[in-house]
Amino acid sequence: MDRYEIVGGRRLEGKIRVQGAKNSVLPILAATVLTAGRCVIHNCPALSDTALTIRILRTLGCSAEWRQGSIFVDSSVLSHLELSSVLTGKMRSSIVFLGPLLARCGRAKIAYPGGCRLGPRPIDLHLDGLRQMGAVVQEEEQHLLCHAPEGLQGARIVLSFPSVGATENLMMAAVLAKGKTTLMNCACEPEIVDLADFLTRCGAKIYGAGENTIEIEGVRALHGCEHTVIGDRIAAATYLAAAAITGGEIAVSGIEPENLMSMLAMLQKSGNEVFWEKNCCCLKAPPRLQALPQVRTMPYPGFPTDGLPLFLSLAAAAQGTSIFVENIFENRYSSVPCLQRMGASIRQEGKVAVVEGGSPLHGADVCAEDLRGGAGLVLAALAAQGISRIEGIEWIERGYEHFCENLTALGAEIWKK
Ligand code: UD1
């Protein structure tokens with residue numbers, strides 16, 4: 001297994017163009033199934049999950065080709081409406097194929113996506129919503145068997161929590177349903193808006209994406225289109241945080257600053273100079289980072305759960321006491337034991353972590369347990385004195401394209417071994 005070796009203490013400096021958003025490209029690729037046409041999706045990040053999504057599309061009978069950051073999909077033919085656990089087990093977001101398959105073909109069989117390192121990931125909201133649209137969902141032991149005998153019908157659906165995945169699945173199901181669907185208390189994440197933009201370009205009628213209520217008027221068919229995926233706000237925040245934790249200076253382009261305001265505000269509060277213009281965020285670190293005010297993760301536009309492990313590492317390197325409250329996933333604090341081994345003073349119980357910053361971090365041998373927790377460890381290692389060895393980097397590389405090369409270009413001493 002590969003690992004990163006990092007010599008800490010190097011100041012990160014320079015410019016970087018951030019990758020396309022992982023959490024946008026996967027649902028958008030799933031949505032190409034709705035079009036029965038040709039789509040070209042630009043700015044796709046080179047990640048294993050992107051490759052797996054291409055595999056899923058091919059399994060379904062579509063042609064999908066990846067050429068220099070763009071994916072060409074032709075979904076005219078769908079010959080297979082089944083996703084086995086071999087595919088769904090590797091990527092739990094594969095559940096977003098359910099809505100599109102049901103909407104286009106009236107049936108689908110999908111093996112349960114299962115839990116993940118962040119804790120159980122239920123899909124009850126996805127299934128309840130689809131049932132309200134007329135789908136019959138049989139929850140068998142190994143898989144879900146879904147069909148819509150009369151076709152999907154528009155419905156008024158109130159989500160009990162603004163789930164990103166459920167909002168995406170239901171929005172995709174609704175675009176080809178008969179009549180109007182109103183989704184209430186839905187997720188407002190920028191990736192939802194990106195998906196709606198893609199679908200609208202394909203001929204869908206969607207109003208209010210990015211707000212709590214989305215209205216969708218079903219249309220008979222969609223056509224293919226060309227679309228560019230938005231920049232990855234969590235990857236952008238990771239590079240900004242890498243400059244902040246090493247006392248550096250950075251300009252991150254390819255990102256809409258509006259999409260990461262809660263994280264930019266937190267970077268400012270920890271003493272960084274942060275400024276932005278269209279498609280670019282810049283940061284200049286202070287001589288010493290300050291503790292963060294309370295960080296509570298919330299659905300967008302609140303502070304994102306994916307950003308928590310990044311800021312946990314920043315807090316460990318900052319002066320003073322910071323408090324974190326995680327409200328979305330159970331196991332967000334996977335990096336805490338490793339950060340403690342690197343000299344961080346963190347007390348964590350349940351949703352809450354208290355970080356007493358100030359004691360210097362030192363290099364250690366640690367292991368990433370999930371994607372963002374792993375990125376948090378890389379940040380800590382960049383700031384630590386001495387050498388860190390990070391194992392489990394396959395988790396980290398699920399979300400960051402050319403991570404090692406990008407950090408090296410910014411002046412980090414990092415090797416993949
Ligand atoms: C998506 C992102 C993930 C990010 C998360 C929160 C993708 C592929 N993944 O995940 O990276 O960390 O949003 O921004 O885009 N829930 C239910 N029932 C459901 C669905 C969700 O109870 O049917 C709960 C979950 O347990 C969790 C919360 O709702 O506590 C949020 O989940 P959700 O927004 O659905 O996250 P994902 O779409 O899984």
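# Exercises on a Predicted Model

By the rule applied here, this predicted model has one cavity of 30 Å³ or more.

## Exercise 1: The largest cavity

Determine which residues line the largest cavity, and how they divide by class.

**Solution.** 

Step 1. The volume of the largest cavity is about 60 Å³.

Step 2. Its lining consists of Ala21, Lys22, Asn23, Glu191, Asp232, Arg233, Ile234, Asp306 and Arg372.

Step 3. Sorted by class, the lining of the largest cavity has six charged residues, two nonpolar and one polar.

Step 4. At least two residues of this lining come from each of the helices α1 (22-31) and α8 (233-245).

## Exercise 2: The second largest pocket

Identify the helices that each supply at least two residues of the lining of the second largest pocket.

**Solution.** 

Step 1. The second largest pocket has a volume of about 290 Å³. It is lined by 20 residues, and those closest to its centre are Ile245, Pro287, Arg288, Ala317 and Ala383.

## Exercise 3: Helices α6 and α7

Describe how helix α6 and helix α7 are oriented and which residues join them.

**Solution.** 

Step 1. Two packed helices are described by the angle between their axes and the distance between the axes.

Step 2. For α6 (residues 164-174) and α7 (residues 190-201), the axes come within 10 Å and cross at roughly 10 degrees.

Step 3. Angles under 35 degrees count as roughly parallel. Therefore α6 and α7 are roughly parallel to each other, and their crossing is right-handed.

Step 4. On the α6 side, the contact involves Val164, Thr167, Glu168, Met171 and Met172. They meet Glu191, Ile192, Leu195, Ala196 and Leu199 in α7. By class, this contact of α6 with α7 has seven nonpolar, one polar and two charged residues.

## Exercise 4: Helix α1 and its partners

Classify the packing of α1 against α7 and against α2.

**Solution.** 

Step 1. The axes of α1 and α7 are 9 Å apart, and the helices pack at an angle of about 30 degrees. That angle makes α1 roughly parallel to α7. The crossing of α1 and α7 is right-handed.

Step 2. In this contact, Asn23, Ser24, Pro27, Ile28 and Ala31 of α1 meet Glu191, Asp194, Leu195, Phe198 and Leu199 of α7. The contact of α1 with α7 has six nonpolar, two polar and two charged residues.

Step 3. The axes of α1 and α2 come within 10 Å and cross at roughly 5 degrees, which makes α1 roughly parallel to α2.

Step 4. Here α1 contributes Lys22, Val25, Leu26 and Leu29, while α2 contributes Asp49, Thr50, Thr53 and Leu57. The residues of the contact of α1 with α2 divide into four nonpolar, two polar and two charged.

Step 5. Some residues of these contacts also belong to the lining of Exercise 1. Among them are Asn23 and Glu191, which line the largest cavity and take part in the contact of α1 with α7. Lys22 likewise lines the largest cavity and belongs to the contact of α1 with α2.

## Exercise 5: Two details of the backbone

State where Asn43 and Pro301 lie, and describe the backbone at each of them.

**Solution.** 

Step 1. Most residues other than glycine have a negative phi, and most peptide bonds are trans.

Step 2. Asn43 is found in the loop between β3 (38-42) and α2 (48-59). Phi of Asn43 is near 65 degrees, a positive value in a residue other than glycine.

Step 3. Pro301 lies in the loop between β18 (295-296) and α10. The peptide bond from Tyr300 to Pro301 is cis, with omega near 10 degrees.

Conventions:
Residues are numbered from 1 along each chain as its sequence is written. This is a predicted model: local features need pLDDT of at least 70, side-chain atom pairs count only at pLDDT 80 or more; totals for chains, interfaces and linings use all residues. Side-chain values use heavy atoms; hydrogens and water are left out. Axes are lines fitted to C-alpha atoms, for helices over the stretch in contact, and angles run from 0 to 180 degrees between N-to-C directions. Helices (H or I, at least four residues) and strands (E, at least two) are DSSP runs, numbered from the N terminus. Angles under 35 degrees count as roughly parallel, over 145 as roughly antiparallel, 65 to 115 as roughly perpendicular and the rest as oblique. A crossing is left-handed if the near helix is turned anticlockwise from the far one by less than a right angle, and right-handed if clockwise. Contact means heavy atoms within 4.5 Å. Ala, Val, Leu, Ile, Met, Phe, Trp, Tyr, Cys and Pro count as nonpolar, Asp, Glu, Lys and Arg as charged, and the others, Gly among them, as polar. On a 1 Å grid over the protein atoms alone, a cavity is a set of points where a 1.4 Å probe fits but cannot get out, and a pocket is an open set with protein on both sides within 12 Å along at least five of seven lines; lining residues have an atom within 4 Å of a point. Grid points are joined across faces, edges and corners, and a volume is the space filled by probe spheres set on the points.
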